[in-house]
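Hi,

Here is the structure I promised to pass on. Have a look at it first, and my notes on what turned up follow below.

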Amino acid sequence: MRQPSKRTGWLAGMALATALLAGCTLGPNYQRPDLNLPTAWRFGDATTNSLADVACGALYRDPVLHELIATALSNNPDLRVAQARMEQAAAALRIQRADHWPGIQGSAAYTRARQGHLPPLPGAEGDQFDVFGVLSYELDVWGRIRRLNEAARAQYLATEEARRTVQIGLVAGVASTYFNLRSLDHQLDIARETLASRQGSLDLTRIKFADGAGIVSELDVVQAQTQVTSAESAIASLQRRIAMTEHALSLLLGGYPGDIPRGLSLAEQWQPEDLPAGLPADVLLRRPDVRAAEQSLIAANANIGAARAACFPAISLTGAHGLQSAELDDLLTTSISKAWNFQPQITAPIFNAGKLRANVRRAQAQQREALATYEKTVQTAFRDVADALAGIRFLREQLAADETTLRAENRRLELAEDRYEGGVASYSDVLDAQRYQFSAQLNAVQTRNELLNATVQLYKALGGGLAPAETEIPTSGETP
């Protein structure tokens, strides 16, 4: 039986030592920060169900709005940019993961050389053909490559969550802009009806003034004319705002300024009575911007370990196996043309003027920055939810008051017109009643629109607007 050589024993010992050290990973392991989250909402109840569980198509029931959202998700350039960034991060992760495996390269070379004349050997000239397969591998003794893989994976997940953030914002933006457009449409209808009514009053006032009976003065005519021009000005302003809102919505749809189709009126848009906010802690699990910030924190935490591992020696193995021959014909036929080599190598930093220590400090500072960003993102998320809940609660009260005011102003106008026709009130009373009614009508429409937008903002703040499969939280074992 052949005895193992000293070289074989040394290589086996080094392999064993490497295997024992392979489990060593420098740097802190990630733990989610304890942010002392609130257990209840300020303006809402903590419930097990959440508005974010409602599908987008169930919350927005206008078929035209469904089509607009679908068009935006297909054509919006911001979403395509986010998708491209996610694909770049996925490719970067695959590149980084490749460093965890041996690299194999093939090489072929031809050399013709002449040796110098060194007595007692004469000079010689000859050819050499080489064909080799070269394997190179860095032993991840200190976990540098594992930490870099961890950081790359977290960066990929952060870009994926960033894409989802853009998607949620896009869905909310289309819905909000569409509701604004329908609100302006309703206000324009009111303004046109008001103009027609005021124009009729002006015509009647002119006729009465022309009779010369003294019942109507020229001041009444001038005041009626002012009311007409005021309505005309409101119409022009609303038409301008409608055009600009259509242009804004066209941009969200990924197109050029143009006409936007209309569906249900503002009053027909569904407003659910129950708007559960869910549990406060669910915000951390649902909001993609919060999850993206946490993934960035995970990446920064892993980079500390990679920076620390760079301060220790690196072990790499290089081996080659192939064929060498002085004749091309003999390269594949002569058994003695086989050749191999094995080259383990250790490189250790000796002097670098503090560069590696500074790199560790930089990674630690970046981790502290990512932690502060994560904390701020969580706080902003809770504010978004609180703002939306407060808006819904108080806007509902405001809408009820506005509608009561509108009913009173409608009745006021009826009474003023009856009193004017009966000769017991001046025309100024009618004009005042018209102004207040017009203002009350617009206020009620605007408040209803703000209430719908508050619902949109709550849906967005809770992380609603994604398909159910997209709300799942990726685990550490998933790959892109």
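This is a predicted model: local features need pLDDT of at least 70, side-chain atom pairs count only at pLDDT 80 or more; totals for chains, interfaces and linings use all residues.

Ala353 sits in the loop that links β4 (338-347) to α9 (355-421).

You'll find Asn36 in the loop between α1 (6-21) and α2 (56-59). How exposed is Asn36? Its relative accessible area is 67%, which is over the 50% cut-off, so Asn36 is classed as exposed.

Now the overall picture. The chain has 480 residues, and 39% of them count as buried. Its secondary structure amounts to 10 helices and four strands. Going along the sequence, the order is α-α-α-α-β-β-α-α-α-α-β-β-α-α. If you take the contacts between residues at least 6 apart in sequence, 84% of them join residues at least 24 apart. The chain exposes about 27,000 Å², and carbon and sulfur atoms supply 55% of that area.

On confidence: the average pLDDT of the chain is 85, and 88% of the residues score at least 70. Residues 1-17 have a pLDDT below 50, and this stretch makes five contacts in the model beyond near neighbours in sequence. Residues 471-480 are also below 50, but that stretch has 22 contacts beyond near neighbours in sequence.

Is α8 largely enclosed or largely open to the outside? Of its 22 residues, 18 are buried, so α8 is largely enclosed by the rest of the structure. Its length checks out as well: at 1.5 Å a residue, α8 should span 32 Å, and its end C-alpha atoms are 32 Å apart, which agrees. Gln295 lies in this helix, which covers residues 288-309. With 13% relative accessibility, under the 20% cut-off, Gln295 counts as buried. Which residues does Gln295 touch, leaving aside its neighbours within four places in sequence? Its contacts are Ala154, Leu157 and Ala158.

Ser250 is another one to click on. Ser250 is part of helix α6 (residues 218-252), and it is buried, with a relative accessible area of 4%. Its side chain reaches back to the backbone oxygen of Glu246 at 2.8 Å. Setting aside neighbours within four places in sequence, Ser250 is in contact with Gly255, Tyr256, Pro257, Gly258 and Ile260.

Last, the cysteines. How many disulfides does the structure hold? The count is zero.

How values were computed: Residues are numbered from 1 along each chain as its sequence is written. Side-chain values use heavy atoms; hydrogens and water are left out. A disulfide is a pair of cysteine sulfur atoms within 2.5 Å. Helices (H or I, at least four residues) and strands (E, at least two) are DSSP runs, numbered from the N terminus. Buried means under 20% relative accessible area, exposed over 50%, partly exposed in between (1.4 Å probe, protein chains only). Contact means heavy atoms within 4.5 Å. Accessible areas come from the Shrake-Rupley method with a 1.4 Å probe; for residues, only the protein chains shown count as cover. The expected span of a helix is 1.5 Å times one less than its number of residues. A polar contact is a pair of N or O atoms within 3.5 Å; within protein, one must be able to donate a hydrogen and the other to accept it, and residues adjacent in sequence count only if both atoms are side-chain atoms. pLDDT is the predictor's confidence in each residue, from 0 to 100.
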